[in-house]
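Please keep the sequence and the model open while going through the numbered points.

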Amino acid sequence: MSQLFTHPLHWYVAGPLIGLVVPALLLIGNKPFGISSNFTHICAAIAPDRVSFIGHEWKQRGGWNLVFLAGILVGAVAAWQLAPPRHLSLSPATVAALHRLGLTDFSGLAPREVFAWSSLLTFKGFASIVVGGFLVGFGTAYAGGCTSGHAIAGLADLQPASLLAVCGFFAGGLAATYVLLPLIFR
Amino acid sequence: MTLVPYFLLGGLFGFVLVEAEVVSWFRIQEMFRFDAFHMYGIIGAAVVTAALSLLIIKRLAVRGSDGRPLGLAPKTLGTGIRYVAGGSLFGLGWALTGACPGPLVALVGAGVPVMAVAILSALAGTMTYWTLRPRLPH
């Protein structure tokens with residue numbers, strides 16, 4: 001089945017398909033595209049401290065989105081079973097830069113030297129997975145959106161708040177890439 | 001109201017995220033190092049497609065089953081601090097994990113199960129935000 005796909009799926013196929021999720025959600029039920037609000041819905045559902053979430057009717061507001069999220073997981077499993085992108089053809093410049101950071105294994109979707117159960121309690125594993133994950137959850141809740149809600153839906157709707165947020169995304173991403181990764185990986 | 005269409009649409013989205021390698025830590029590094037066009041092409045094409053779709057929906061004044069016009073609610077700009085500060089903190093996390101929220105979930109099913117820990121950590125981060133919210137500038 002793998003030979004049915006050339007990896008990666010071309011940007012000019014993937015980009016429009018992702019963009020069409022925005023009108024599709026509106027046409028299905030006038031819902032806004034945005035993944036990170038699911039974190040808030042889940043927190044509201046399980047929070048020991050419900051005070052912060054009073055008035056957040058997570059089932060009514062987020063039920064559809066949690067179902068969408070479950071779909072993402074199932075779609076990803078299907079992709080990984082049917083036609084897994086196991087060996088990425090990466091830019092030589094990126095490979096060289098990551099080599100200098102000490103990475104040697106470039107197979108799979110994320111570096112195995114970092115994103116493995118056995119690395120969870122190493123410094124680089126903990127910083128990448130636990131600290132990184134925390135920042136994703138804190139930052140998206142604070143900014144009121146992530147790549148889907150701000151960078152795709154918000155920018156497409158010409159919302160100034162989303163443009164500010166996307167500038168923040170890149171400022172943070174560049175700082176982590178050029179300042180934090182060299183500190184963490186060596 | 002049935003939730004099946006949301007599930008199918010999410011499935012398509014997750015499938016595309018994996019096949020286009022958007023979920024890859026390596027592709028995110030290529031993007032932040034400006035070494036490849038791939039991610040910029042995807043985000044750019046997605047924004048243009050979504051923008052044209054929104055324009056058409058507005059032009060045709062399409063309404064939902066409840067009679068309200070279809071569209072996205074405008075986000076309150078305020079001082080903008082929450083977008084810059086929150087956005088930058090998310091950006092740090094985006095580069096560290098190599099994934100934004102959708103891909104974090106996709107990766108659990110695409111050969112990187114340890115990302116489940118990153119999701120739990122993200123939930124802790126979101127919980128922390130809602131706890132600190134009254135004391136944070138917005």
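What share of the contacts in chain A with a separation of 6 or more comes from residues 24 or more positions apart?

1. Contacts along the chain. The answer is 54%: that is the share of the contacts in chain A, counted at a separation of 6 or more, that residues 24 or more positions apart account for. The model is predicted, and the points below should be read with this in mind.

2. Confidence. Chain A has a mean pLDDT of 93, and 94% of its residues reach 70 or more. Among the elements of this chain, the lowest mean pLDDT, 93, belongs to α3(A), while the highest, 98, belongs to α6(A).

3. Overall build of chain A. The chain contains eight helices and zero strands, giving the pattern α-α-α-α-α-α-α-α when read along the sequence. Its C-alpha atoms fill a box of roughly 50 × 40 × 35 Å along the principal axes. Of its 186 residues, 48% count as buried.

4. The meeting of the two chains. In total, 116 residues of chain A are in contact with 100 residues of chain B. On the side of chain A that touches chain B, α8(A) gives the most, with 18 residues. By class, this side has 84 nonpolar, 30 polar and two charged residues.

5. The nonpolar core. The largest nonpolar core has 97 residues, and those touching the most other members are Val22(A), Ile152(A), Ile42(B), Leu107(B) and Ala110(B). Helix α6 of chain A, residues 123-143, gives the most to this core, with nine residues. In soluble globular proteins, nonpolar side chains tend to be buried together.

6. Ile152(A) as an example. Leaving aside residues up to four places away in sequence, Ile152(A) touches Ile18(A), Gly19(A), Val22(A), Phe33(A) and Thr147(A) in chain A, and Ile43(B), Ala46(B), Val47(B) and Ala50(B) in chain B.

7. Helix α3 of chain B. This helix has 22 residues and spans 31 Å from its first C-alpha to its last, close to the expected 32 Å. Its buried residues include His38(B), Ile42(B), Ala46(B), Ala50(B) and Leu54(B). The buried residues of α3(B) pack against α1, α2 and α7 of chain A, together with α2 of chain B. After the helix comes Ala61(B), whose phi is positive, near 50°.

8. How do α2 of chain A and α3 of chain B pack, and at what angle? Their angle is about 35°, and their axes are 8 Å apart. Val22(A), Pro23(A) and Leu26(A) in α2(A) meet Ala50(B), Ser53(B), Leu54(B) and Ile57(B) in α3(B). By class, this contact has six nonpolar, one polar and no charged residues.

9. His7(A). Is His7(A) buried or partly exposed? His7(A) counts as partly exposed because 17 C-beta neighbours lie inside 10 Å, whereas a buried residue needs 20 or more. His7(A) is found in the segment before α1 of chain A.

Conventions. Residues numbered from 1 in each chain as written. Chains lettered and ligands numbered in written order. Predicted model: local features only at pLDDT ≥ 70, side-chain atom pairs only at ≥ 80, totals over all residues. Core = buried A, V, L, I, M, F, W, Y, C linked by C-beta atoms within 7 Å. Buried ≥ 20, exposed ≤ 12 C-beta atoms within 10 Å, placed from the backbone. Helix = DSSP H or I, 4+ residues; strand = E, 2+ residues; numbered from the N terminus. Contact = placed C-beta atoms within 7 Å. Axes fitted to C-alpha atoms, helices over the stretch in contact; angles between N-to-C directions. Nonpolar A, V, L, I, M, F, W, Y, C, P; charged D, E, K, R; others polar. pLDDT = per-residue confidence, 0-100. Expected span 1.5 Å × (residues − 1).
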